[in-house]
Amino acid sequence: MNCEEVRTFLPLAIYGDLDGAQASEVAAHLKACPGCRAEESSLRQARSALDAVAAPQVAVNPVAIIEAESARQVRLARRWRRIAVAATTLAAGFLLVLAIRPQVRVGDGALVVRWTDAPAPASVPQPSLHLVPPASDPGQAERLAVLAKLLRALVDDADGRDRDRQAEIAALRARLDAITLSSEARWQDIQKDMGVLYRQQFPRKEGLE
Amino acid sequence: MAEDADLIRRWQEGDVDAFGAVVRRWQRPVSRFLARLLGPEASVADLTQEVFLRAHRAIGRYCDRGCFSTWLYRIALNLARDAGRQARRAPVQLPEEVPARVSGNDSWERRELADAVALALADLPVPLREVLVLRHYEGVNFEQMARLLAIPASTLKSRFAVALRQMRDRLKAMGFGDEEAAT
């Protein structure tokens, strides 16, 4: 080993961290090299100087640690409970939204929230320009002729019945006229008879009047 | 290790006494590790408490493969890195008091040296400081360190050599040469 190699190993040699062969080589070099011995001496003095620093006395309080940890566990449990409640609420809200599918519409100065399907717009009947030609029916004329005959028969029957009623009415009027004439003639006869009888009972005195 | 494993198993089952025993066993190494990583200005007591709080939260996920110390140091290391990032964003203040363990029995020179070492250590780049603290103060070997930091051992050895040389150079630059450091 040369001086450079030895000086590389010196800090480890001072702390006993070299293996046997390296330690022997370094020791052999130091015996023969005053410069490396001086380097080793200064490093040993630095090592002993490190011991001048003392550490403060510290007393850890394990009870305070356990209490602090217990308090933290309680806080964590509360936080998880809040998170669980919030997550459940969110999930329920999400499911509700999925279930009712609300529709929100803003416009015309109004906010409309709808959770059912919008009614379909009323269908406006459109004028049809498609003209369907009447279907040709060969039995229709025959049916119309029968219907016309039936109507004529009904009219004839009504006319006949009307004529019969008019005749009956005329006969009744004739009988009523005959009765009236007979009654008037009989009344005149009665008046004549009554005048005769009155004059017979109560003869007229010409001088008194 | 077997005692650790038993304590950890009971701790995982909810035994508060076992947790207390683990805390008593590991609070000094963890606080020492944090103090040396973060320097004298760091609120080591609060950070150590936080390390054991995080360990308590995570103990259910810990699988005992005989490396509890590595697991605990990883928690402390992550916390120290977070604290270090926050401290770098804060205005830098020089320490006004000597470290707590340096009592009146120590010489004035010793206290000065302690301050200088603390400053030099805090001035090291974080990757070098982590390796130096783990190797020198915590006695972690490079294989364990490789598992803890997820960095190859050969890389860590190189970093360690650089870190020790930089510490020596910084102490010399602050006036603590060979004579002062040797005291």
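Mentor: Axes are lines fitted to C-alpha atoms, for helices over the stretch in contact, and angles run from 0 to 180 degrees between N-to-C directions. This is a predicted model, where local features need pLDDT of at least 70, side-chain atom pairs count only at pLDDT 80 or more, and totals for chains, interfaces and linings use all residues. Residues are numbered from 1 along each chain as its sequence is written, with chains lettered from A and ligands numbered from 1 in the order in which they are written.

Trainee: Why are α6(B) and α8(B) called roughly perpendicular?

Mentor: α6 (residues 126-137) and α8 (residues 153-173) of chain B pack at about 95°, with axes 8 Å apart. Angles of 65 to 115 degrees count as roughly perpendicular, so that's what this pair is.

Trainee: What makes B:Val131 in α6(B) part of a contact with α8(B)?

Mentor: Residues are in contact if their C-beta atoms, placed from the backbone, lie within 7 Å. B:Val131 is on the α6(B) side, along with others including B:Leu128 and B:Leu132, while the α8(B) side includes B:Phe160 and B:Ala163.

Trainee: How do you know that the span of α6(B) agrees with its 12 residues?

Mentor: The expected span is 1.5 Å times one less than the number of residues. That should give 16 Å, and the end C-alpha atoms are 15 Å apart, so it agrees.

Conventions
Helix = DSSP H or I, 4+ residues; strand = E, 2+ residues; numbered from the N terminus. Parallel < 35°, antiparallel > 145°, perpendicular 65-115°, else oblique. Contact = placed C-beta atoms within 7 Å.
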